[in-house]
Amino acid sequence: MISFDEMPVSAQKAYTFTNKVRKAVMFIGWGVFLLNLIISFINGYKSAFISSLIVAGIIPGLIHGEFTYKKMYRNLFIIGLFIDVLLATIFAYAGFIFLIADTIIFIMKKPLVYPFENKCFLETRKAQEEIAAATYNVCLRA
């Protein structure tokens with residue numbers, strides 16, 4: 001695995017931006033959870049905890065699903081509207097898992113970008129150009 005310091009500048013910026021977005025979404029998610037939980041209890045709903053987790057996890061689930069979706073889209077080549085909606089639904093309903101995982105990772109003071117996602121940052125056109133330029137400069141010096 002490539003570390004943050006070994007990434008090209010554009011990949012580091014994308015990584016940092018993604019980490020900040022995920023932190024903001026995590027805090028918003030827990031705010032939505034608490035707000036939904038309070039409203040559900042006031043209205044007398046008995047399944048308030050689970051429904052609040054699901055509602056709070058919709059956005060984190062979709063944000064985390066982005067990298068998986070990109071990988072599947074690239075590998076399948078044929079992806080229809082049904083599969084798009086199915087993937088979005090799965091990630092939206094499983095989002096509370098990402099919300100809980102992100103919270104644990106945040107408490108441990110680690111980045112909220114998972115190591116397997118680094119490859120996506122390195123595959124961008126700008127990062128590839130920076131890698132090629134760095135390789136070219138190394139070859140010229142040799």
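Helices and strands here are DSSP runs, a helix needing at least four residues, and they are numbered from the N terminus. Keep in mind that this is a predicted model.

**Exercise 1. Describe the order of the elements in the protein, from the N terminus on.**

Step 1. Start with the inventory: the secondary structure comes to six helices and zero strands.

Step 2. Write the elements down in order, and you get α-α-α-α-α-α.

**Exercise 2. Find which elements of the protein have the lowest and the highest mean pLDDT.**

Step 1. Now go element by element. Helix H6 (residues 125-141) has the lowest mean, 68, while H4 has the highest, 88.

Step 2. Apply a reading rule: where pLDDT is low, predicted coordinates should not be read in detail.

**Exercise 3. Check the span of H4 against its 13 residues.**

Step 1. Counting 1.5 Å a residue, H4 should span 18 Å.

**Exercise 4. Work out where the buried residues of H4 sit around its axis.**

Step 1. List the buried residues of H4: Gly95, Phe98, Leu99, Asp102, Thr103 and Ile105.

Step 2. These residues cover an arc of only 165° around the axis, and therefore lie on the same side of H4.

Step 3. Recall the helix geometry: an α-helix has 3.6 residues a turn, so residues three or four places apart point the same way.

Step 4. Turn to the face directed away from the buried side, where the exposed residues Ile97 and Ile107 are found.

**Exercise 5. Is Thr103 buried or exposed, and which residues does Thr103 contact beyond its neighbours within four places in sequence?**

Step 1. Locate Thr103 in helix H4, residues 95-107.

Step 2. Buried means under 20% relative accessible area. Thr103 has 18%, so Thr103 is buried.

Step 3. Leaving those sequence neighbours aside, Thr103 touches Met26 and Trp30.

**Exercise 6. How far apart are Asn118 and Phe4 in sequence and in space?**

Step 1. Find Asn118 in helix H5, residues 118-122. With a relative accessible area of 8%, Asn118 is buried.

Step 2. Along the sequence, Asn118 and Phe4 are 114 residues apart, yet their C-alpha atoms are 8.4 Å apart in space.

Conventions: Residues are numbered from 1 along each chain as its sequence is written. This is a predicted model: local features need pLDDT of at least 70, side-chain atom pairs count only at pLDDT 80 or more; totals for chains, interfaces and linings use all residues. Side-chain values use heavy atoms; hydrogens and water are left out. Helices (H or I, at least four residues) and strands (E, at least two) are DSSP runs, numbered from the N terminus. Buried means under 20% relative accessible area, exposed over 50%, partly exposed in between (1.4 Å probe, protein chains only). Contact means heavy atoms within 4.5 Å. pLDDT is the predictor's confidence in each residue, from 0 to 100. The expected span of a helix is 1.5 Å times one less than its number of residues. The arc is that of the directions from the helix axis to the C-beta atoms.
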